Amino acid sequence: MAARLFTFVWILVVVAAAGSSGHVRAGGLQAPRFQVLAHADPGGGYSGDVVGERHFAYLSSRRGKTDCPAQGVRVYNLANPRRPRHVSTFAALKDTWTEKTIVRRVKTSGFDGVLAVSSFQACTNGAFGGFGVYDVTKPSRPRRLALVRTVPRGSHEIWLATARGHAWVYTAEAAAEFAVAPDSFGFHIYDVSSPRKPAEVGGWSACRDLHECSPLVATGADSRYLVHSVITNAAATRAYLSYWNLGTVILDIHDPAHPAYLGRTPVGQGNAHSAWLTGGGKIMLETHEVVHGRPVVWQIADPAHPVQLFTVRLPAALQPGGSTAFGLADSVHDPKVLGRYAYFSWYGQGVALFDLKNPAKPRFVTRFRPPPKRDGHELLCPGEACTAVWGVFPTRNYVLASDLNSGLWVLSRPA
């Protein structure tokens, strides 16, 4: 009886969740839509970003308003994507949270296998902050290779790239770069080709190198310049720094020891949060974590003169699931691209899918919005239920999404 009841409830959840994502074409034909393959809620606290590698999902974690459960990174085996199986946890250090993890196949003279790098932020004074490097060649048996401390508060977001026989970790340290410390890098580059011995090789600062400085504490409207996140191109020759109110800064990193400024996107909505490349690196998606923040499509063939092509908007009829902190229920968070399709994690709006066949005019396809879940950690929607999709990661077989409240979702690809 209990098993039947569980199955019935699960069917209701799946139908409700999938139904919230669909839309109907003229003539009554059902448009492409996401279908829920599976859901895994680890509990214990908020989830963070999600990334896939081979048939494994890596679900990071985030602290709450006052609690810091140090959940680390949870690894799920998705050999059967309809039945996620938790096989290990790593990077669970006391008084820290690890909201961003990148996983890559790496082959250098010092390592041949799969590396994961996770950012650590300290919940308390004196707790570890920085990043960790892990061998996840066998995901069920992760091995810590190194911990690298960064100041003052650890690594906010992180990136891992491999090229030319090397592997590099790029860190964004949002609190490091302000006018009070103009020589402190907000962006650091570490060589992890020998991952047991990471070596810092370079860095860059808008304050130091461009004399674009701002105070640590915002007065009135937030006008700070800080490195929120970073990505690189596949060749690891250019870095794209989401520089909050400075736009997206583009650097030449052929020589990691001497990053060179190439250009940046103009200031627009503010709070440049994340970026992703497509079109052979000539098209960039830029997201903005601000009230009603929207993605912007840029043509960056000439990085000194980015050209704005389009501001991406959801259909007006789509509403977010509940309200979230700081008015971000209707704000975009992160972008990803696979093939000609862009996937956006969009907080209370869920996962939004757009067709980029014409990058100058992306076409909305569908969305998936997880059912709102009650917030037990008092940061997003205290005392209420809300949807808060943090991360999205498309693969050729399925799409991974992470909701801060409800954990990991495995979805079919609708296109």
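The largest pocket of this predicted model holds about 1000 Å³ of space. Of its 42 lining residues, Arg 62, Arg 153, His 156, His 228 and Glu 289 are the closest to the centre. Strand S8 (111-122) and strand S15 (225-232) are the elements that give two or more residues to this lining. By class the lining has 22 nonpolar, 13 polar and seven charged residues. Nonpolar here means Ala, Val, Leu, Ile, Met, Phe, Trp, Tyr, Cys and Pro, charged means Asp, Glu, Lys and Arg, and the others, Gly among them, are polar.

Pockets and cavities are found on a 1 Å grid over the protein atoms alone: a cavity is a set of points where a 1.4 Å probe fits but cannot get out, a pocket is an open set with protein on both sides within 12 Å along at least five of seven lines, and lining residues have an atom within 4 Å of a point. Volumes are the space filled by probe spheres set on the points, which are joined across faces, edges and corners. Strands are DSSP runs (E, at least two residues) numbered from the N terminus.

The second largest pocket has a volume of about 570 Å³. Its lining consists of 33 residues, with Val 51, Gly 52, Arg 104, Trp 276 and Phe 393 nearest the centre. In this lining, 17 residues are nonpolar, seven polar and nine charged.

One cavity of 30 Å³ or more is counted. The residues lining the largest cavity include Arg 62, Cys 68 and Trp 97. Strand S3 (56-62) and strand S6 (96-97) each give two or more residues to that lining.

The model has three disulfides (cysteine sulfur atoms within 2.5 Å).

| Disulfide | S to S distance |
|---|---|
| Cys 68 and Cys 123 | 1.9 Å |
| Cys 207 and Cys 213 | 2.1 Å |
| Cys 381 and Cys 386 | 2.2 Å |

The link of Cys 68 and Cys 123 is right-handed because its S-S torsion is about 65°. With 95° about the S-S bond, the link of Cys 207 and Cys 213 is right-handed, whereas that of Cys 381 and Cys 386, at -80°, is left-handed. Cys 386 is buried, with a relative accessible area of 0%. In sequence order the bonded cysteines pair 1-2, 3-4, 5-6.

Residues are numbered from 1 along each chain as its sequence is written. Local features need pLDDT of at least 70 and side-chain atom pairs 80 or more, totals for chains, interfaces and linings use all residues, and side-chain values use heavy atoms, without hydrogens or water.

How values were computed: Helix = DSSP H or I, 4+ residues; strand = E, 2+ residues; numbered from the N terminus. Buried < 20%, exposed > 50% of the residue type's maximum accessible area, 1.4 Å probe, protein only.
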